[in-house]
Amino acid sequence: MAISTYTQLQDAVSNWLGGRTDLTLRIPEFITLCEAKLNRLLFVPQMETRSTSAVDTTDDEPEFISLPSDFQTMRRVRLSGVTGKPRLNFMTQTQLDDYRYSIDNVTDQPVYFTIMGDEMELVPTPNEDYALEMVYRKNIPALASNSTNWLLTLAPDIYLYGTLLEAMPFILDDARVPLWASAFSTVLDDLNKLGFRQSF
């Protein structure tokens with residue numbers, strides 16, 4: 001049976017769990033837990049994307065830029081509308097606060113950034129409207145709101161093994177945890193190695 005859609009994945013998991021109808025409502029939960037784990041452990045080029053944003057100096061706080069809703073971690077930020085597209089350097093929040101204090105809150109072309117919650121903070125405070133280009137690691141599109149995604153197409157086995165692994169504690173089948181943990185770990189390692197090779 002093909003496993004290329006959310007529905008087919010749920011059917012496959014049900015089959016591998018012996019067709020237990022009492023788990024029908026639980027299987028989407030197991031898939032969600034699997035995806036949460038994958039978002040923490042999987043590092044492949046498909047999880048990186050480029051996005052553009054803009055500084056608006058008419059805002060009360062133009063130094064704060066909202067991050068995309070699927071944002072996980074930043075790879076780089078550049079001022080795309082400036083000659084040479086200068087790259088902004090990362091600072092911790094403490095370093096950024098100290099630097100902002102040392103320059104007496106001057107406004108100028110941003111040089112540094114930090115991440116705070118769901119926002120990016122720029123320093124110095126922008127003196128004009130700038131176009132920003134971000135390359136960041138994004139979350140895997142959740143199957144609960146998509147019929148499929150790139151990961152299910154690329155590696156249906158990691159979804160199957162990961163979901164079965166999440167199901168084991170619920171159905172109190174501790175004996176099979178090592179089996180599914182090993183299978184999940186093997187596919188995860190394979191994908192991360194593939195991602196590493198694709199990045200160089």
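**Notes on the fold and selected residues**

1. In helix α1, the buried residues are Y6, L9, Q10, A12, V13 and S14. The model is a predicted one. The partners against which the buried residues of α1 pack are α2, α4 and α5. After α1 comes G18, which has a positive phi, near 85°.

2. With neighbours within four places in sequence left aside, S14 contacts G19, R20 and I27. I27 stands 13 residues from S14 along the chain, and the two C-alpha atoms are 7.6 Å apart.

3. As to the overall form, the chain contains six helices and nine strands. Its radius of gyration is 22 Å, whereas the globule rule gives 16 Å for 200 residues; the chain is therefore more spread out than a compact globule. Along the principal axes, the C-alpha atoms fill a box of roughly 65 × 30 × 30 Å.

4. Of the 200 residues, 38% count as buried. The accessible surface of the chain is about 11000 Å², and carbon and sulfur atoms account for 50% of that surface. Among contacts between residues at least 6 apart in sequence, 65% join residues at least 24 apart. The chain carries 16 positive and 27 negative charges, and the mean positions of these two sets lie 11 Å apart.

5. Which residues of the largest nonpolar core touch the most other members? They are L151, I158 and Y159, in a core of 33 residues. Two or more residues of this core come from each of α1 (6-16), α2 (27-41), α4 (150-154), α5 (156-171) and α6 (177-198). Helix α5 gives the largest share, eight residues. In soluble globular proteins, nonpolar side chains tend to be buried together.

6. Apart from neighbours within four places in sequence, Y159 is in contact with L9, I31, C34, E35, I140, P141, L143, N149, L151 and L152. There is also a second, separate core, which has 15 residues, including L122, Y130, M134 and Y136.

7. R100 belongs to helix α3 (residues 93-102). Why does R100 count as buried? The reason is its relative accessibility of 11%, since burial is set at under 20%. Beyond neighbours within four places in sequence, the contacts of R100 are with E63, N105, E121, L122, V123 and T125.

8. The peptide bond between V123 and P124 is cis, with omega about -5°; P124 is located in the loop between β7 (119-123) and β8 (125-126). In the loop between β3 (71-79) and β4 (89-90) is K85, a residue other than glycine that has a positive phi of about 45°. K85 counts as partly exposed because its relative accessibility is 37%.

How values were computed:
Residues are numbered from 1 along each chain as its sequence is written. This is a predicted model: local features need pLDDT of at least 70, side-chain atom pairs count only at pLDDT 80 or more; totals for chains, interfaces and linings use all residues. Side-chain values use heavy atoms; hydrogens and water are left out. Helices (H or I, at least four residues) and strands (E, at least two) are DSSP runs, numbered from the N terminus. The radius of gyration is taken over C-alpha atoms; the globule rule is 2.2 Å times the number of residues to the power 0.38. Buried means under 20% relative accessible area, exposed over 50%, partly exposed in between (1.4 Å probe, protein chains only). Contact means heavy atoms within 4.5 Å. Accessible areas come from the Shrake-Rupley method with a 1.4 Å probe; for residues, only the protein chains shown count as cover. Lys and Arg count as positive and Asp and Glu as negative; His and the chain ends are not counted. The place of a charge is taken as NZ of Lys, CZ of Arg, CG of Asp or CD of Glu. A nonpolar core is a set of buried Ala, Val, Leu, Ile, Met, Phe, Trp, Tyr and Cys residues joined through side-chain atoms within 4.5 Å.
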